Amino acid sequence: MYDVIIIGAGISGATIAREISKYKLKVIILEKEFDVATEATMANSAIVHSGHDPKPGSLKAKFNVIGNRMYKKMSTELDIPFMECGGMVLATSKEENDLLAELYQRGLQNGLNETEIQLMTREEILELEPNISDFVMAGLHLPTTAVTFPFEAAIANIENAMDNGVELALENKVLSISKEDVFTVHTTKKTYKGKVIINATGIFGTDVANLVTKASFETRARRGEYYVLDKDVKVANRVLYPVPTEKGKGVIITPQYHGNTLLGPTSEFVRFEDVSKTTASGLEYIKEHSKKLLKEIPFHKVIRSFAGGRATSSTEDFVIEESNVPGFINVCGIESPGLTSAPAIAVYVVNELLSK
C-alpha cells in the first residue's frame, strides 16, 4: 500500500516526488516509458522564464515568478546545469513596440520588480546584443531569465527522491484505475494500491483523468520544432524573444548551457503521435522568423533539428487541483512556463493539496 502514487516522470512528476520525499510517506512513480523525462521534458527550449508573459492572475503567472526565484537554489542543491544569461523581448514593428509597454506592465503585475524588467532602446540593446537585426526597434530586458538542462533537472530530482525512499517503476503504463476505500491502479506489469494519486502525465493528462472520472479539461498536443546550431557558433549572448502572440512566445533564440544555440519553436496543434516529427514548412518558418531578430545566422552550422510536444489545456492555464474524486489530484496542462514553474508547483501540490 502506497501513500502516494505519482503517474508520470517528467519534470512535474520529478519535482513533486522530490518535495514529497521530505516526508515519511511511501511513494512510487509510475512511468510508461523506458526512462524518465523522455517526452515534453526531453524536447523544449530549456528556458527558466522570468514571468513577463503569462496572463496576470493565472496559475502560470503565479508559479512562473515563484519558480524562477527557486531555480538557482534547486540547481545548486542538486548540481543541475544553470546559466544565468538573461533575456530580452525584441520589438520589430511599431505595433510590437506599442505592445512592449503593455508587456512591461504585465510583468510588474505578475510580481517582477523594476530591477527584473526594464524597457530598452535600440541603442541600449546593441551594446549588449550587437547581432540584432535592423528590424529591431526597442526591447524589454529580463535579467532573471536563465537556461537549464531539463532532462538533467528531472533526473536529479528523481535521484534525490529515490535517495529519500521514493520508488520508480518504469515501463508501467497505467491501464485502469478504480477506487473503493483506496485506489487500485492496474498497469502493464503490476497492480498497485494507493491512498492518493497525482496525475502528472503531460499530453495524456485527460486520458488518465478519465480513467477515474469525467475530466473537467482537455489536454491537446502542441508541437514545437527546433534547429540546433553547433557549439562553435555564438549568435546571441542571452535569450532573445519576439513579442508574444496568442500562439505562444514565438520563435526564440536560446543559448544553451552546453554551448549550442536553439532556434525555435514553432507552435501547431497535432495528433499525439506526430509531436516528435519535424516538417519542412515548420523548419522554414523558424528560418524566416529568426531573421527578424538577428542579422547573421549561419544556418550552414545547423547540426540537427528536432520536435517536441507540450500539453495545452482547454482551460488556457495550468490544471492543478483535486478532482471530484477525493485523493485524485491533476497536475496537467503544464506547458510553458511549466519547466520554470515545476519546483513552485511541487511545493503547492504537497503543502496545499496533498496535506489535506
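I began with the largest cavity, which holds about 30 Å³ of space; I took a cavity as a set of points, on a 1 Å grid over the protein atoms alone, where a 1.4 Å probe fits but cannot get out, with points joined across faces, edges and corners and the volume being the space filled by probe spheres set on them. The model is a predicted one, in which local features need pLDDT of at least 70 and side-chain atom pairs count only at pLDDT 80 or more, while totals for chains, interfaces and linings use all residues. Residues are numbered from 1 along each chain as its sequence is written, and side-chain values use heavy atoms, with hydrogens and water left out.

**Cavity**

Searching the whole structure, I found one cavity of 30 Å³ or more. I listed its lining, meaning residues with an atom within 4 Å of a point, as L90, T92, E96, P242, V243, K292 and L293. These divide into four nonpolar, one polar and two charged, where Ala, Val, Leu, Ile, Met, Phe, Trp, Tyr, Cys and Pro count as nonpolar, Asp, Glu, Lys and Arg as charged, and the others, Gly among them, as polar.

**Second largest pocket**

I then turned to the second largest pocket, with a volume of about 360 Å³; a pocket is an open set of points with protein on both sides within 12 Å along at least five of seven lines. Its lining has 16 residues, and M42, F149, Q256, R304 and F306 lie nearest its centre. I noted 10 nonpolar, five polar and one charged residue in that lining. Helix α5 and strand β18 (302-313) each supply at least two of the lining residues, and β18 gives the largest share, three residues. Helices (H or I, at least four residues) and strands (E, at least two) are DSSP runs numbered from the N terminus.

**Helix α5**

Helix α5 (residues 150-163) has 14 residues and reaches 20 Å from its first C-alpha to its last, close to the 20 Å expected at 1.5 Å a residue, the expected span being 1.5 Å times one less than the number of residues. I recorded P150, A153, A154, A156, N157, I158 and A161 as its buried residues, buried meaning under 20% relative accessible area (1.4 Å probe, protein chains only). Their cover includes α1 (11-20), β2, α2 (59-78), β8 (146-148), β9 (167-169) and α8 (338-354). After α5 comes G165, with a positive phi near 110 degrees.

A37 sits in the loop between β2 (27-30) and β3 (47-48) and is buried at a relative accessible area of 3%. Beyond its neighbours within four places in sequence, I found A37 in contact (heavy atoms within 4.5 Å) with A9, G10, M42, F151 and A154.

I47 belongs to strand β3 and counts as buried at 3% relative accessibility. Leaving out residues up to four places away in sequence, I47 touches T145, A146, V239, Y241, I252, T254, L339 and T340. I also noted that the C-alpha atoms of I47 and F82, 35 residues apart along the chain, are separated by 9.8 Å.

How values were computed
Buried means under 20% relative accessible area, exposed over 50%, partly exposed in between (1.4 Å probe, protein chains only).
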